[in-house]
Amino acid sequence: MAQKRCLLWDYTNTNNCPGQMDQVNFNGPMHSVSNWNAWTPPELKGRAPFRPMIHDAGKLSGTDWAIIQATRNSIIHFFNEPERNGISTQQAADAWNSQLLPLRNQGNKLVSPSCAGDDAGHTWIADFMSKVAANPPDFLGIHYYGADGNAAIQEIQNMHALYPNQPIIVSEIASTAQDLPSVVGFTVQVANFMDSTDYVFEYGFFGCMEHLADNFVSPAAQLMNPDGSFTDLMLKLMWDQPMHT
């Protein structure tokens, strides 16, 4: 069984519904956790690997950076949609060379910044990858949101063709369709593709949180209900492999 699914566990859950982590099945396809932060959710209790993230430039110093510097034998994500957060490719490359690369000396592997799957994201990551070509990432991070499963698969295939030396981590993906059958169809199709595709190392469906992150996210794609309980889609992602509609 391919264990590639990463639980995108919103940081608000740690205060609002930490006990729900006890309900997660980590003995199936779900095998790692990320919360867009450097700090590990205490409710994880060592049950699965945690994927720390340097979310933005502000996390390259202070408490968050101290946590990252103390990280050993992990997979560290670098920058979340930097092209939308005013981070230049030069700024990112400079931080990569001066701060990120030494983290490999502690057994860590490094994920590229994860850009949105649009023209601006494609342009940004291409420029970044050219700037760090001498010391490239261990993994290519990508995001994808849309309603068409075929288009999602095409995006993943296209990114692999552009960067064939980096296994892909789809650090955020979800259907933006508003109806549940479409969302389930997208999730099943794309998850089964990623599970059976060697160059996809890991992926996380967005997102496990009580409330919608923004108006762009589909309510039908939520993995958690407003009371903290898991949706049927979350249960499918936790237990079903292969996925079925």
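**Pocket, helices and a buried glycine**

The largest pocket holds about 470 Å³ of space. This is a predicted model, in which local features need pLDDT of at least 70, side-chain atom pairs count only at pLDDT 80 or more, and totals for chains, interfaces and linings use all residues. Residues are numbered from 1 along each chain as its sequence is written, and side-chain values use heavy atoms, with hydrogens and water left out.

Q: What makes a set of grid points a pocket?
A: On a 1 Å grid over the protein atoms alone, a pocket is an open set with protein on both sides within 12 Å along at least five of seven lines. Lining residues have an atom within 4 Å of a point. Of the 21 residues that line the largest pocket, the closest to its centre are Glu 81, Tyr 145, Glu 172, Phe 206 and Asp 214.

Q: Which strand gives the most to the lining of the largest pocket?
A: That is strand E6 (residues 140-146), with 3 residues; strands here are DSSP runs of E, at least two residues, and helices are runs of H or I, at least four, numbered from the N terminus.

Q: Why is Gly 204 called buried?
A: Buried means under 20% relative accessible area, with a 1.4 Å probe and protein chains only, while exposed means over 50%. Gly 204 has a relative accessible area of 2%, so it is buried. This glycine lies in strand E8 (residues 200-205).

Q: What does Gly 204 touch?
A: Contact means heavy atoms within 4.5 Å. Leaving out residues up to four places away in sequence, Gly 204 touches Cys 6, Leu 8, Val 170, Ser 171, Glu 172 and Ile 173.

Q: How do you know how the span of helix H5 compares with the expected one?
A: The expected span is 1.5 Å times one less than the number of residues. Helix H5 (residues 149-162) has 14 residues and reaches 20 Å from its first C-alpha to its last, close to the 20 Å expected.

Q: Why do the buried residues of H5 line one face of the helix?
A: The buried ones are Gly 149, Ala 152, Ile 153, Glu 155, Ile 156 and Met 159. Seen down the axis, they fall within an arc of 155°, so they line one face of H5; the arc is that of the directions from the helix axis to the C-beta atoms. On the other side of H5, Asn 150, Ala 161 and Leu 162 are exposed.

Methods:
1 Å grid on protein atoms, 1.4 Å probe; cavity = no way out; pocket = protein on both sides within 12 Å on 5 of 7 lines; lining within 4 Å. Points joined across faces, edges and corners; volume = space filled by probe spheres on them.
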